[in-house]
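Thanks, everyone. Let me put the model on the screen, and then we'll go through a few spots.

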Amino acid sequence: MPELPEVEVVRRGLVSWVRGRTITAVEVVDPRSVRRHALGPEDFAGNLEGARVLDVVRRGKFLWLPLADTPAAEPGARAAGGTIQPSVALMAHLGMSGQLLMQDSSVADEKHLKVRLLLSPADGMPEQLRFVDQRIFGGLFLTSLIPTADGAPGGLAETPLPLIAEEAAHIARDPLDPYFSFDEFYRRLRSRKTGLKRALLDQGLVSGIGNIYADEALWKARLHFARPTDTLRRAEAARVLDAAREVMTEALAAGGTSFDSLYVNVNGASGYFDRSLNAYGREGRECKRCAAAGLAGVMRRDQFMNRSSYSCPVCQPRPRNGRW
Ligand SMILES: [Zn+2]
């Protein structure tokens with residue numbers, strides 16, 4: 001499953017190739033990959049052909065391409081200032097193994113090619129955007145763009161607009177979003193009766209933090225995953241959020257070298273996980289922080305929501321007497 005930094009790597013890579021180009025033809029190779037488009041593959045293709053890609057936007061792990069000039073767009077979707085107000089977007093759900101690849105037409109089809117978009121010619125750029133997916137959990141579909149609840153941009157974009165893909169409207173802003181409100185996050189966190197990690201994974205509270213980044217952020221902030229959220233002090237909440245932001249930013253920096261590759265590839269794009277993990281997957285190994293301080297912390301693994309939580313019992317202790 002791609003984490004937020006991997007999806008951001010895809011967004012940055014993709015936008016430089018597709019922005020401003022028109023989709024001239026669409027081939028749905030495997031209808032299962034457009035199954036989320038309720039009106040079927042023909043409607044999907046028909047509404048994409050002739051559309052111009054305005055941008056690539058991300059919130060959390062949701063990625064979408066706002067479109068202009070689609071047949072589905074309502075007439076008069078042009079604001080008074082003459083700027084284009086898109087009303088439709090192409091949603092790309094990467095699932096477990098989805099990839100968006102830019103390829104020249106001369107390149108042979110990938111084994112798991114699912115959808116092919118032909119783009120208008122652009123100097124030195126490949127003609128095709130291919131959606132390749134080995135396990136078919138991902139997919140493409142068209143969605144409406146609706147105004148954001150807070151009037152701020154819908155997500156990270158090159159030319160941010162106060163619009164959001166309908167499918168992503170229910171999720172909160174992610175920690176890398178400049179419009180993320182810490183005050184609101186803290187107020188809502190305090191009002192919940194739940195554990196801290198469960199809250200961090202709740203996309204309605206803060207989006208884009210997956211299991212790995214939650215463990216890394218909690219370790220960095222020296223907080224236990226089961227910490228009741230209604231006992232969290234403001235400084236502690238800020239610490240864990242800053243930690244999440246830091247680990248994601250580091251991962252993003254590590255993925256930076258693949259940005260100019262023709263392959264806009266989700267899988268292993270950052271290479272970050274092999275090198276930089278402090279908590280996740282380190283069961284039985286010494287805690288790096290404790291080791292540096294001459295302490296004997298050994299990382300442990302606990303069952304958590306059908307998955308695992310990795311933490312250090314010495315520097316991220318569970319309370320003995322119920323008080324935090
Ligand atoms: Zn430790």
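Which residues does Phe137 touch, not counting those up to four places away in sequence? Keep in mind that this is a predicted model. The contacts are Arg35, Arg36, His93, Gly95 and Met96. Now place Phe137 on the chain. Another residue to look at here is Ser97. Ser97 and Phe137 are 40 residues apart along the chain, yet their C-alpha atoms are separated by 7.5 Å. Buried or exposed? Phe137 falls in between: its relative accessible area is 43%, so it counts as partly exposed.

Next, the zinc ion. Four cysteines supply the protein donors through SG: Cys287, Cys290, Cys312 and Cys315. They lie 2.2 to 2.3 Å from the ion. Along the chain, the spacing reads C-x2-C-x21-C-x2-C. The angles between the four donor atoms run from 102 to 119°, so the arrangement is tetrahedral. Cys312 has a relative accessible area of 0%, so it is buried. Cys315 comes in at 12%, which also means buried, since the cut-off is under 20%.

Last stop, the largest pocket. It holds about 370 Å³ of space. There are 19 lining residues, and the closest to the centre are Arg59, Asp150, Ala172, Arg173 and Glu184. Which helix gives the most to the lining? That is helix H3 (residues 182-190), with three residues. By type, the lining divides into 10 nonpolar, four polar and five charged residues.

Key
Residues are numbered from 1 along each chain as its sequence is written. This is a predicted model: local features need pLDDT of at least 70, side-chain atom pairs count only at pLDDT 80 or more; totals for chains, interfaces and linings use all residues. Side-chain values use heavy atoms; hydrogens and water are left out. Donors are N, O and S atoms within 2.8 Å of the metal (3.2 Å for Na, K and Ca); water is not among the atoms, so sites may look incomplete. Four donors count as tetrahedral if all angles lie between 85 and 135 degrees; four count as square planar and six as octahedral if opposite donors are over 155 degrees apart and all others between 65 and 115; anything else is irregular. Buried means under 20% relative accessible area, exposed over 50%, partly exposed in between (1.4 Å probe, protein chains only). Contact means heavy atoms within 4.5 Å. On a 1 Å grid over the protein atoms alone, a cavity is a set of points where a 1.4 Å probe fits but cannot get out, and a pocket is an open set with protein on both sides within 12 Å along at least five of seven lines; lining residues have an atom within 4 Å of a point. Grid points are joined across faces, edges and corners, and a volume is the space filled by probe spheres set on the points. Helices (H or I, at least four residues) and strands (E, at least two) are DSSP runs, numbered from the N terminus. Ala, Val, Leu, Ile, Met, Phe, Trp, Tyr, Cys and Pro count as nonpolar, Asp, Glu, Lys and Arg as charged, and the others, Gly among them, as polar.
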